[in-house]
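Subject: Structure for you to look at

Hello,

Here is the structure I promised to pass on. Please open it first, then read my notes below.

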Amino acid sequence: MLSEREVISTLDMVRNEHLDVRTVTLGISLFDCVSHDVELFIGNVRAKINHYASNLVTTCNEIGEKYGIPVVNKRISVSPIAAVAAPFGPKDMVRICQALDEAAVEAKVDFIGGYSALVEKGFARGDTALIESIPEALASTQRVCSSINVASSKAGINMDAVALMGRQILATAAATADKGGFGCTKLVVFANIPQDVPFMAGAYLGIGEPDVVINVGVSGPGVVKKAIDRALEKGRQIGRPLNLLDVAEVIKKTAYKVTRVGEMIGNEVAARLGIPFGVADLSLAPTPAVGDSVGEIFQSCGLSVMGAPGSTAVLAMLNDAVKKGGSFASSSVGGLSGAFIPVSEDSSIEAAATSGFLSMEKLEALTSVCSVGLDMIAIPGDTPAAAISGIIADEMAIGMINHKTTAVRLIPVPGKGVGEKVSFGGLLGEATIIPVPRGDSSAFIGLGGRIPAPIHSLKN
Amino acid sequence: MQKLSISFLGKDGPGIVATVSQGLSDNKCNILQVTQTILGAEFAAIFIVDVPDDITKDFLQQRLEDSLRSEGHDISVLIRQASEGAWSSKRPCQPYVVTTDGQDGPGLISTMARVFARHNVNIENLKAVLGHGGENHALFVFEVEVPEDQDIGRLNREIHSAARPLNLSVSMQHRDIFEAMHRITDF
């Protein structure tokens with residue numbers, strides 16, 4: 001027999017606190033699809049995706065209905081295209097990207113990730129072709145996401161790639177200028193990219209992964225916020241006000257519950273599709289809906305707004321507590337697993353950025369203690385490529401030195417400047433353009449080469 | 001030995017279980033299963049008991065009523081032959097939790113129960129949480145066993161359409177999700 005508390009708590013989480021499974025992502029290796037002929041390669045890719053993904057959406061919906069927990073997004077991640085399509089040039093890469101887009105439409109998934117290259121130590125032929133193709137590829141497709149890993153703690157930072165990505169981000173924005181630089185919402189630059197991320201835009205299937213695999217991204221910022229609010233209120237009522245140790249405990253327990261939901265649903269989807277279950281990604285992923293925000297958690301913890309002094313400390317505590325609770329809930333934890341702070345996708349973070357409480361500098365500081373990085377930030381369309389590269393280099397350095405994943409997803413909005421708004425629609429939300437740090441980075445970026453990997457001893 | 005089901009219903013108070021269990025023990029009856037609950041001021045319990053063949057139902061009922069009365073308890077006793085095998089153990093079923101939430105009023109439980117009956121769904125536990133969500137609000141929690149040959153999607157749709165005229169919010173979730181979220185269990 002269930003207790004009242006168990007039933008009511010679950011009901012409240014689903015109805016009022018936006019508890020859902022944010023994404024079930026089907027990873028598909030494309031290494032057995034390789035060919036010297038691009039049309040043959042595309043045919044193999046389409047056939048393999050169709051074979052494994054045709055029942056993904058209906059299966060997720062059925063299992064979501066069974067447990068009363070919606071699976072909001074169903075997605076696909078594939079092997080890095082730069083590796084599996086290495087013989088082809090940029091024009092063929094665009095054609096492959098379009099085929100992936102068509103495969104996503106056919107499978108009824110909202111995004112497919114893996115238009116990716118791993119170039120932290122240097123460029124192979126396929127990497128160069130893929131990166132060159134990005135602006136046209138992302139402008140001519142809707143559902144394909146691209147990620148480029150330019151740095152790692154073992155290899156250092158490929159500064160030639162950083163310089164190139166600064167230019168390609170601007171070119172992608174220009175190629176999608178009619179939609180506010182929308183192409184850049186599907187393009188992310190990484191340090192230490194995990195091989196099993198289920199979340200977009202960074203999802204791709206690493207080469208150490210199984211042939212096919214189900215990875216799950218849980219959600220739950222709204223659930224965490226309400227749990228903190230309830231605990232604080234109860235503490236006041238019984239005359240024992242909570243301290244931060246208590247708050248961390250509340251977050252940890254809530255993360256446990258949320259992760260159990262994700263793992264259970266992911267396992268069942270995997271079993272029904274006859275595919276192994278990979279990981280649950282514990283990330284707190286917000287949406288633009290009020291009450292589904294990571295930013296609001298800062299207010300529950302006593303800050304007037306995210307960005308106020310103390311914000312980095314709150315985020316560090318939040319991120320760590322989520323990992324602790326989630327790790328106890330599942331032995332298959334992976335991906336990014338932390339708190340996301342995507343500016344346009346979180347109404348509270350967006351409001352803090354618009355009102356000037358969250359600057360690029362403060363966002364960068366926050367990324368040193370959370371996942372993923374500078375995410376979904378709208379910047380002026382006339383930002384020089386070298387400035388974008390400089391921001392990427394800084395963010396990559398944080399990831400490289402701290403042995404963590406960091407990433408940059410900036411949207412230079414063509415024709416718009418600081419204070420103007422841009423809307424991307426749906427889960428991508430809207431953002432006010434914020435200023436980038438002043439100063440000229442062009443000579444530094446022009447040096448090129450590689451920032452060497454950090455020493456792994458003499459820690460301090 | 002004969003297996004009997006003995007039900008007790010009446011005004012709650014300390015000492016009922018002590019009197020009943022002593023009465024059973026005095027008559028060499030072995031308690032196999034027991035469930036007991038309190039609703040408001042009312043006590044209810046069902047005992048499944050192994051009873052020696054030479055003790056009749058009427059005799060045992062008389063002895064238990066006498067001892068309860070002599071201890072000052074106002075409790076009715078009903079004894080019958082115990083049925084064999086739980087309903088859900090005779091057919092493959094899946095456990096679901098259905099909740100209805102909204103303004104309290106007549107006909108609410110019967111509306112839902114009729115849908116369950118039509119689909120051969122057995123209510124295993126039913127609980128009302130009054131006042132949840134505001135004054136005159138009622139949350140009903142039905143723990144049910146749904147035979148595996150039933151169409152879950154259709155049942156879900158019928159539950160929702162039955163609840164709509166009563167302005168009730170309804171949910172139907174497999175029980176495992178509650179276990180997974182709130183309980184730590186072994187493998």
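How many residues of domain 1 of chain A are in contact with domain 2 of chain A, and how many of domain 2 take part? The count is 43 residues of domain 1 in contact with 41 residues of domain 2. Contact here means heavy atoms within 4.5 Å.

Some ground rules. This is a predicted model, where local features need pLDDT of at least 70, side-chain atom pairs count only at pLDDT 80 or more, and totals for chains, interfaces and linings use all residues. Residues are numbered from 1 along each chain as its sequence is written, chains are lettered from A and ligands numbered from 1 in the order in which they are written, and side-chain values use heavy atoms, with hydrogens and water left out.

Domains

Domain bounds come from an automatic or database domain assignment. For chain A, the assignment gives domain 1 (24-191) and domain 2 (217-447). Their centres, taken over C-alpha atoms, are 23 Å apart. Chain B has domain 1 (2-81) and domain 2 (88-182). There, the C-alpha centres lie 32 Å apart.

Helix pairs

Helices are DSSP runs (H or I, at least four residues), numbered from the N terminus. Axes are lines fitted to C-alpha atoms over the stretch in contact, and angles run from 0 to 180 degrees between N-to-C directions.

In chain A, helix α5 (residues 90-107) packs against helix α6 (residues 125-139) at about 60°, with axes 8 Å apart. α5(A) contributes A:P90, A:M93, A:V94 and A:C97. Among their partners in α6(A) are A:A129, A:L130 and A:E136. The contact residues divide into 7 nonpolar, 2 polar and 2 charged (Ala, Val, Leu, Ile, Met, Phe, Trp, Tyr, Cys and Pro are nonpolar; Asp, Glu, Lys and Arg charged; the others, Gly among them, polar).

In chain B, helix α1 (residues 16-26) and helix α2 (residues 57-70) pack at about 145°, with axes 9 Å apart. The contact includes B:I16 and B:L24 of α1(B), and B:L60 and B:L68 of α2(B). Its residues divide into 6 nonpolar, 3 polar and no charged.

One residue

A:A173 sits in helix α7 (residues 159-175) of chain A. A:A173 counts as buried because its relative accessibility is 1% (buried is under 20%, with a 1.4 Å probe and protein chains only). Beyond its neighbours within four places in sequence, A:A173 is in contact with A:G181, A:C184, A:P412 and A:P414.

Best wishes

Technical notes. Helices (H or I, at least four residues) and strands (E, at least two) are DSSP runs, numbered from the N terminus. Buried means under 20% relative accessible area, exposed over 50%, partly exposed in between (1.4 Å probe, protein chains only).
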